[in-house]
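Hi,

Here is the structure I said I'd pass on. Have a look, and my notes follow below.

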Amino acid sequence: MNYTTHDYRQEYPLRTTIAEVDLAQLRANFRAIRTRGGNTEVMPVVKADAYGHGIVPCAKALIAEGATMLGVAFAAEAEPLRSDRRIPYEIPIAVVTPPFPHGAAEYCRLNLEFCAASLDTMRAFSAEAARTGRILNAHLTLDTGMHRDGIPPNEALEFMRSASYLPNITIHGICTHFATADEVDKRYFHLQVRRLNDTLQTLRDAGFLFRYVHAANSGAVADSSTEAAFTLLRPGIALYGYNPSPELASPLDVKPVMSLKTSIISLRRLAAGEPVSYGRRYTTPRETTIATIPIGYADGLRRSLTGKARVMIGGQYFPIVGTICMDQCMVDVGDAKFSVGESVYLLGSQTSEHGEIRIDADEWAQELGTISYEILTGITARVPRIYLNS
Ligand SMILES: *Cc1c(COP(=O)(O)O)cnc(C)c1O
């Protein structure tokens, strides 16, 4: 039986619990997204530490694959990119959440593009850019119906008339964000697309042209029901191998990039009727072997998964039993013969002579009533990220 390709136990003696991030799979997902999106340009969204995968190695791989620019949620998230030699300083980074006016100096210092949603911010950014002798690139953010940020479409023309005169600012992009692109019912999504297209037309008629029109999150990339004029895709979750919802009519051909892996640290044989872990919430139904693994809720294995999660060992599934602790949890392996040090996968896939089995973040998300996004970004910093195929 051969179900591990590489043994990290010796290489990472400080922590046997690791998240393996497969950069070749990340790049394959990027290509699948770009193809589905009509081979237009792509702004990979690497916010929240690349959805928990590690921003610098992921950004480097995505740039190598041809990313036009990178998207982050806050200016602070660009700091590790701008201070790392592996990331070319020339790569544009856009902050997709509109800034406060007082953030201008940091945007200049880090050479960031901003998403404009207020004239006050535009004026402050223009003044700071002029003061420091820079030209800042901006994107006009429209609120076409998400109602989170952006200006109403009917104010866009007025906004551009005022903002386009501001010195040291180039508004070269226009963007919006969809509320329901990943849902079966497409009506609201289509309404938002129509508002975007109508506004674009109005602005074009008045002579305002944009190098980039971007709106397509993962759900919109997967959608083929609209001929939207997006010139720059803005996917996040799909890059990391997940479709934004199980409802998509034609899911994107992507696979999970992250595996979560640990190894057995101790084993005990228990008689029937013995309790396991805090609160004695599990009692052995028969004589069995309980394996302890060094991962718990402080790593992102949420305590509310108690009684609901399983692992893979030796190409087979086994349940996590008893209350999940902060640093450890227990697995009922029955009569299987494993040794201390045996590899255990919590997320990922394993192949044995019985075929391939897998557990993905959607499985946890379903148990927890959430989405894969929250699972992936919830794998905490205590878990070392190990990069494969870089
Ligand atoms: C997070 C985010 C995205 C990416 O969305 P996914 O559903 O992960 O593809 C795109 N645009 C904005 C503005 C975002 O906040």
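Predicted model: local features only at pLDDT ≥ 70, side-chain atom pairs only at ≥ 80, totals over all residues.

How many cavities of 30 Å³ or more does the structure hold? There are 2. By cavity I mean a set of points on a 1 Å grid over the protein atoms alone where a 1.4 Å probe fits but cannot get out; points are joined across faces, edges and corners, and the volume is the space filled by probe spheres set on them.

Residues are numbered from 1 along each chain as its sequence is written, and side-chain values use heavy atoms, with hydrogens and water left out.

Back to the second largest cavity, which has about 30 Å³ of space. Its lining (residues with an atom within 4 Å of a point) consists of Leu 142, Asp 143, Thr 144, Met 146, Arg 148, Asp 149, Thr 176 and His 177. That splits into 2 nonpolar, 3 polar and 3 charged residues, where Ala, Val, Leu, Ile, Met, Phe, Trp, Tyr, Cys and Pro count as nonpolar, Asp, Glu, Lys and Arg as charged, and the others, Gly among them, as polar.

On the overall layout, an automatic or database assignment gives domain 1 (23–240) and domain 2 (258–359). Their C-alpha centres are 42 Å apart.

Now the rings. I count 8 aromatic pairs, meaning Phe, Tyr or Trp rings (six-membered ring for Trp) with centres within 6.5 Å; planes under 30 degrees apart are stacked, over 60 edge-to-face, the rest tilted. Tyr 51 and Tyr 240 are stacked, at 4.8 Å between centres and 25° between planes. They sit 189 residues apart, with Tyr 51 in helix H2 (residues 47–52) and Tyr 240 in the loop between strand S9 (232–233) and strand S10 (258–263); helices (H or I, at least four residues) and strands (E, at least two) are DSSP runs numbered from the N terminus. Both tyrosines are buried, i.e. under 20% relative accessible area with a 1.4 Å probe, protein chains only. Ring pairs also join Tyr 51, Tyr 240 and Tyr 373 into a cluster.

Last, Arg 310 has its charged end over the ring of Tyr 317, 3.7 Å from the centre, and Arg 82 lies over the face of Tyr 89 at 4.8 Å. The cut-off there is CZ of Arg or NZ of Lys within 6 Å of the ring centre and within 35 degrees of the ring normal.

Cheers

Notes:
Buried < 20%, exposed > 50% of the residue type's maximum accessible area, 1.4 Å probe, protein only. 1 Å grid on protein atoms, 1.4 Å probe; cavity = no way out; pocket = protein on both sides within 12 Å on 5 of 7 lines; lining within 4 Å.
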